[in-house]
Amino acid sequence: MGLTLIFGVLGIADFAHGDKMGWGMFLAFFIVSSEGANLGFVGGRFGSLSFGWGLVVGLLVAMIGVALISVILERLVFRRLRITGGGFFVFAIASLGMSIMLRAVIQLIWGPSNFRYNPGIHPAIEILGGIKVKPDQFFIVGITVLAAVLLYWLLYRTRFGKAMRATSDNPALAEASGIDTDRIRTGTWIIAGVLGALAGVMLGLQAEVRFDAGFRLLLPLFAAVILGGIGNPWGALIGGLGVGIAQEVSTEWINTGLKPGIPFVIVIVVLLLRPRGLFGQVR
Amino acid sequence: MEQLIVTLVTFDGAVNWTVGFLTTVAIFAILALALNIQWSVGILNFGVAAFFMVGAYVSAVLTLPPPEGLESYVAGWGIPIPVGWLFAMVAGAVLAILLGIPTLRLRDDFLAIATIGVAAILRSIANSVEGLVNRSRGLNGVDGFLEDQVQGGDYRWVELAIALVVLMAVYWLVSRASSSPWGRALRAIRDNEDTAKASGKNTVKFRMGAFILGAMLMGLAGAIYAHRSGTISPLTFSDLLGTFFVWTMLIVGGSGNHRGAVLGAVVVGFFWFGTPLIQESLPDWLGSRVFQVRQLLIGLLIVVFLLWRPQGLLAERDRVSRFVSQGPDDRPGGDSGSIWRRVRSAVSR
Amino acid sequence: MSERDPLFRVEGFSGGYVDGIDIIHDIELDLYRDEILTIIGPNGAGKSTLLKAIVGALPFERGRRSFQGEDVSGWSTPRMIEAGIGYVPQVDNVFTSLSIRENLEMGGYMRRSGLQERIDEVLAMFPDLEHRPGERASRLSGGQRQMLAMARALMLDPVMLCLDEPTAALAPATRGELFARIYRIHMAGVGILMVEQNATEALVWSDRGVVMVDGEKALEGSGTEMLTSPEVGRAFLGQAEGEGFAIEEGMTS
């Protein structure tokens with residue numbers, strides 16, 4: 001969703017988004033892990049969930065941290081590029097460059113190993129029809145839906161959100177209307193950063209914490225954004241669900257190793273049939 | 001006496017390294033030239049690794065003998081190596097056509113995503129489909145061209161010669177191509193797609209042509225790489241080395257400029273492949289992390305160049321580089337048009 | 001400020017998009033609150049450029065512009081708009097992906113209070129828009145879009161409205177309706193400065209007309225003078241020699 005926001009509102013395909021998620025994941029890990037414990041962030045657990053206050057603090061730190069990274073990169077790089085006048089290409093390549101840098105720094109600090117937030121086995125509980133779900137997964141789904149609702153509320157119900165959409169639609173006219181488009185852009189990066197961090201932490205909770213996890217997710221992410229229609233938060237949510245389900249279900253018929261290819265196939269099919277995404281609106 | 005031997009050894013080592021380095025750089029220079037052809041029509045290929053990989057694998061499986069023992073791969077017909085190269089080019093072209101048909105008509109950003117995706121999917125196919133290309137074990141024992149005719153130790157000179165000759169041929173080809181009417185049409189498309197369209201040029205066809213040509217050359221580079229290194233595995237063709245590295249070369253050297261692409265390959269290649277040379281002399285804390293630092297610096301290099309020297313080391317003569325001023329139409333995030341763009345729109349009022 | 005002081009004045013005004021290349025030269029122009037002033041002229045004469053200069057959207061300018069007696073030379077567009085000048089560009093003048101109401105909210109972005117009241121007031125001026133404020137602007141017809149663009153510009157209660165070819169893409173029937181709407185806005189106390197290609201029609205509604213040629217002011221006169229002047233008619237209204245006044249299409253429409 002963060003990605004769709006940047007893509008849609010600012011028209012920048014941020015290839016570094018995946019690695020910002022990676023940063024969120026690791027910042028939270030830093031807090032929950034032993035280093036964090038030394039700083040006093042040890043927590044019990046919430047009921048049957050696999051984490052406690054440590055992760056909540058970690059999530060907050062991750063959100064702030066990634067939002068900061070986003071803003072710094074936008075100030076240092078994207079804003080300058082906008083002034084010197086660069087096309088979509090320049091933004092895309094620059095973001096790819098930053099993606100590589102962010103990943104390298106993660107490796108420098110934490111090394112190439114994989115981690116878990118809370119080692120150990122977390123039993124799944126059975127819900128209807130024998131489907132097993134881990135309590136953490138309930139939490140993840142709940143948070144995601146909450147984030148989508150908040151984002152929708154922000155974009156469609158607040159003055160700032162409407163100004164974001166206006167800036168996306170017609171930057172020149174927005175500026176002429178007295179909207180401080182620079183502030184709007186910065187705000188967009190912050191929100192995207194926070195969402196990216198959230199996604200990263202959730203991903204770390206669900207799977208492993210690894211340095212290239214964010215980058216690996218980039219293609220599914222773009223697939224979800226394209227499937228859902230660029231710049232549309234509901235679309236991104238449903239697109240994300242769609243891509244995720246397609247990936248999992250596909251393993252019934254095809255080799256598990258091919259799973260990463262599924263998003264790509266989806267991208268191509270959607271591009272051929274509905275270039276604006278399933279929920280894209282006609283302009 | 002001992003002193004002399006040491007010198008000889010080091011001298012020999014230096015020569016060895018230099019020959020190997022130049023061969024690798026020549027191969028990457030071919031990739032950079034190929035990418036430049038695509039880039040020159042505004043095709044954002046983020047999947048160079050895919051074409052590189054396809055070329056390498058196709059030529060390898062066709063020229064290898066039938067699989068034995070634990071190995072399992074298709075073909076294995078043992079055909080002559082130059083024919084394998086040809087097939088590598090064909091394979092690159094086929095991939096370009098398959099990918100270009102759905103995406104070239106669409107927005108530029110979709111092509112970028114599609115190409116980055118095709119690289120990912122090809123890697124995962126190579127890694128996981130049994131009996132295709134020996135999965136993650138990779139293909140080993142890929143023969144070099146004329147390798148059986150030459151004494152073992154001297155073969156590296158042949159490799160270098162092959163790479164350089166092909167590089168020169170490719171350079172000649174792309175230079176000819178860009179000074180031909182076809183090349184002029186490509187530049188017209190890059191500089192202003194609408195105008196080019198209006199003047200009756202079928203831009204999709206031209207872009208497709210450039211995409212295919214670039215893909216063929218990337219396939220060729222892949223084939224040369226495979227026969228040179230003897231061993232290829234899906235890991236070789238990572239996004240970092242296979243795609244991003246080539247982009248860095250192009251941007252550092254100067255995009256839209258063939259000499260720049262080659263120069264970029266040398267400079268960035270030296271930076272990258274030279275790092276292990278100094279690794280031992282670095283303090284421990286840095287030496288152990290030198291590869292991550294190298295990766296960081298490559299990312300930094302590209303951003304720095306985009307910001308401060310967008311035209312690269314060698315600026316495109318008489319023509320404005322793709323990275324310099326562009327109109328607001330090309331920049332969805334932009335808020336004010338470039339000066340010339342405004343003049344044009346003002347004049348057209 | 002007395003009634004006959006100009007609302008807006010430009011003096012010795014030159015400027016363009018690039019330093020050193022002027023598109024408009026040495027323009028003198030007054031606009032009074034109680035008039036509709038139309039700038040006509042051939043393509044490339046610098047009409048739109050002049051309008052942009054007035055609202056502070058031209059990167060390079062020399063000379064003086066003043067608004068309500070105050071020197072506003074060098075003011076940016078947002079500042080000019082806040083000061084009370086509404087500006088409707090020729091193209092891309094609405095947020096297509098936003099609803100009518102949201103467009104108006106954005107028009108009133110700088111308002112500190114009374115936003116909702118003003119939206120209702122402005123909507124009341126445009127019956128076409130009033131009964132469906134939730135409609136996305138992309139679904140509106142050309143004429144309705146132009147209305148919305150004007151409504152947007154009215155959100156900050158401007159005393160002066162600058163319109164860049166408001167009828168450029170409209171069918172003749174819609175054009176008349178739009179001019180009538182502009183006239184109504186004017187009667188509510190807003191000085192109107194517009195650039196028009198549909199010169200004859202626009203001059204019928206105007207108190208005064210200015211002809212620009214090659215970036216300079218070539219002629220000035222009342223709307224009727226312009227319409228009946230053989231020179232203007234021949235050169236800009238597409239009339240043959242001796243034909244005199246006739247309602248016709250502008251030469252470039």
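**Figure 1. A look at C:Asp92, a partly exposed residue in a predicted model.** In this predicted model, C:Asp92 has 13 other C-beta atoms within 10 Å, so C:Asp92 lands in the partly exposed group. Where does C:Asp92 sit? You'll find C:Asp92 in the loop between strand 6 and helix 3 (100-107) of chain C. For background, most residues other than glycine have a negative phi.

**Figure 2. C:Glu165, another non-glycine residue with a positive phi.** Here phi is about 45°. The residue belongs to the loop that links strand 7 and helix 7 (172-187) of chain C. Is C:Glu165 buried or exposed? Count the C-beta neighbours inside 10 Å and you get 23, so C:Glu165 counts as buried.

**Figure 3. The open sheet of chain C.** Which strands are at the edges? Those are strand 6 (85-88) and strand 10 (216-222) of chain C, and each of them pairs on one side only. If you ignore direction, neighbouring strands in this sheet are turned by 15° against each other on average.

**Figure 4. Strand 8 of chain C and its two partners.** On one hand, strand 7 (residues 160-164) of chain C pairs with strand 8 (residues 191-195) of chain C in the parallel sense, using five bridges. On the other hand, strand 3 (residues 36-40) of chain C also pairs with strand 8 in the parallel sense, this time over four bridges. Then move on to C:Leu161, which has C:Ile192 as its bridge partner. C:Ile192 also stands opposite C:Ile36.

**Figure 5. Strand 8 of chain C is mostly covered.** How many of the five residues of strand 8 are buried? The count is five of five. In a regular strand the side chains alternate between the two faces of the sheet. Now check both faces of strand 8: C:Gly191, C:Leu193 and C:Val195 are on one side, C:Ile192 and C:Met194 are on the other, and all of them are buried.

**Figure 6. Two helices crossing in chain B.** The axes of helix 3 (residues 81-103) and helix 8 (residues 203-229) of chain B come within 7 Å and cross at roughly 140°. The two helices are therefore oblique to each other; the label roughly antiparallel would take an angle over 145 degrees. As for handedness, helix 3 of chain B passes helix 8 of chain B in a right-handed crossing.

**Figure 7. Side by side: the residues where helix 3 and helix 8 of chain B meet.** From helix 3 of chain B, the contact includes B:Ile81, B:Gly84, B:Trp85, B:Ala88 and B:Leu95. From helix 8 of chain B, look for B:Met208, B:Phe211, B:Ile212, B:Gly219 and B:His227, among others. What kinds of residue make up this contact? The tally is 17 nonpolar, six polar and no charged. Looking at chain B as a whole, buried residues make up 47% of its 349 residues.

**Figure 8. Where chain A touches chain C.** The contact takes 15 residues from chain A and 18 residues from chain C. Which elements of chain A give two or more residues to this side? They are helix 7 (159-169) and helix 8 (171-176) of chain A. Sorted by class, the chain A side has seven nonpolar, three polar and five charged residues.

**Figure 9. Chain A from end to end.** Chain A has twelve helices and two strands. Starting from the N terminus, its elements run α-α-α-α-α-β-β-α-α-α-α-α-α-α. Of its 283 residues, 55% count as buried. Among contacts in chain A with a separation of 6 or more, residues 24 or more positions apart account for 74%.

Note on methods:
Residues are numbered from 1 along each chain as its sequence is written. Chains are lettered from A and ligands numbered from 1 in the order in which they are written. This is a predicted model: local features need pLDDT of at least 70, side-chain atom pairs count only at pLDDT 80 or more; totals for chains, interfaces and linings use all residues. Two residues are in contact if their C-beta atoms, placed from the backbone, lie within 7 Å. Ala, Val, Leu, Ile, Met, Phe, Trp, Tyr, Cys and Pro count as nonpolar, Asp, Glu, Lys and Arg as charged, and the others, Gly among them, as polar. Axes are lines fitted to C-alpha atoms, for helices over the stretch in contact, and angles run from 0 to 180 degrees between N-to-C directions. Angles under 35 degrees count as roughly parallel, over 145 as roughly antiparallel, 65 to 115 as roughly perpendicular and the rest as oblique. A crossing is left-handed if the near helix is turned anticlockwise from the far one by less than a right angle, and right-handed if clockwise. Two strands pair if DSSP finds at least two bridges between them. A residue is buried if 20 or more other C-beta atoms lie within 10 Å of its own, exposed if 12 or fewer, and partly exposed in between; C-beta atoms are placed from the backbone.
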